[in-house]
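Hello,

Here is the structure I promised to pass on. My notes follow below it.

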Amino acid sequence: MSEQQKHPMQLAFEQNLRFLNQESYPLEFFQDLFQPSEYLQTATLGVADFPTGRVVLADPLCYLGSKYETTLEQQIARGSYPVQAALLRTRYAGLRYAAARLILAERPAARYEIAMPLGYQPDDLGKPGVFSFFGVDAGLACFADAAISAEYAKFETKWRQQNPNKNIYDDYFAALFAKSYAEQPAIQREGGDFICWQLPESGARLVMFSSGLGDGVYSAYWGVDAEGLPVELVIPFMNPEKFI
């Protein structure tokens, strides 16, 4: 099918796939993601806890706590950090989360560097078996601490043992997402696009959020200040220019 015959949404989707996961983008791209405009707004979704400072990226319902999550090489200071989303009003797909970020400091970023998995540096990109991205298969993503990931794995195992033949989204998380939508309908789609959830055992907070147009592979980028210290971690899901 030629590009002239494709629906504009399909064209935008394909162009977005080609846009994602590049090694670098202009500084202005990241700045504009969280700069309110006619089509974009920002919303703080909640606060996530990082008791060890070892950062994990994952689809929380499919891969968190498993060998398929991505643990990052760069660590952060132990603490609790806000999670913010860039909300995009698209022409064909309604409200979507174009990006999410973990805010580590209030200082502005001077540049952005691709976030590499544990044991690798940006110079390793392109080597056999070295990838920067993490996979999403349930339309959700999260920033998590390694200790939170381990606790989540125990929670999930116990829940599945106690609830055989049930689905952890349909029979547990769906109600929480619906409650989130009921409480804040202006910043998410019906059914819910995010939750700030506390693990039952420790009460530690984990923020789960929608990943743009859904399933795929996504890379994160460290925003660092003039001293080279990380001030934020950003996951771009969409290039807004393709959807407005």
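Two strands count as paired if DSSP finds at least two bridges between them. Strands themselves are DSSP runs (E, at least two residues), numbered from the N terminus. This is a predicted model: local features need pLDDT of at least 70, side-chain atom pairs count only at pLDDT 80 or more, and totals for chains, interfaces and linings use all residues. Residues are numbered from 1 along each chain as its sequence is written, and side-chain values use heavy atoms, with hydrogens and water left out.

Start with strand S10 (residues 205-210). S9 (residues 194-198) pairs with S10 in the antiparallel sense, over five bridges. Trp197 has Leu206 as its bridge partner there. The hairpin of S9 and S10 has six residues between the strands, and Gly203 takes a positive phi near 80 degrees in it. S8 (residues 140-145) also pairs with S10, antiparallel, over three bridges. Here Ala141 is partnered with Phe209.

Five of the six S10 residues are buried (under 20% relative accessible area; 1.4 Å probe, protein chains only), so the strand is largely enclosed by the rest of the structure.

Next, the cores. A nonpolar core is a set of buried Ala, Val, Leu, Ile, Met, Phe, Trp, Tyr and Cys residues joined through side-chain atoms within 4.5 Å. The largest has 59 residues; Phe209, Phe143 and Leu102 are among those with the most contacts inside it. Apart from it lies another core, of 21 residues, including Leu206 and Met208.

Finally, Phe133 is in the loop between strands S6 (111-114) and S7 (134-136).

Best wishes

Definitions and conventions
Buried means under 20% relative accessible area, exposed over 50%, partly exposed in between (1.4 Å probe, protein chains only). Helices (H or I, at least four residues) and strands (E, at least two) are DSSP runs, numbered from the N terminus.
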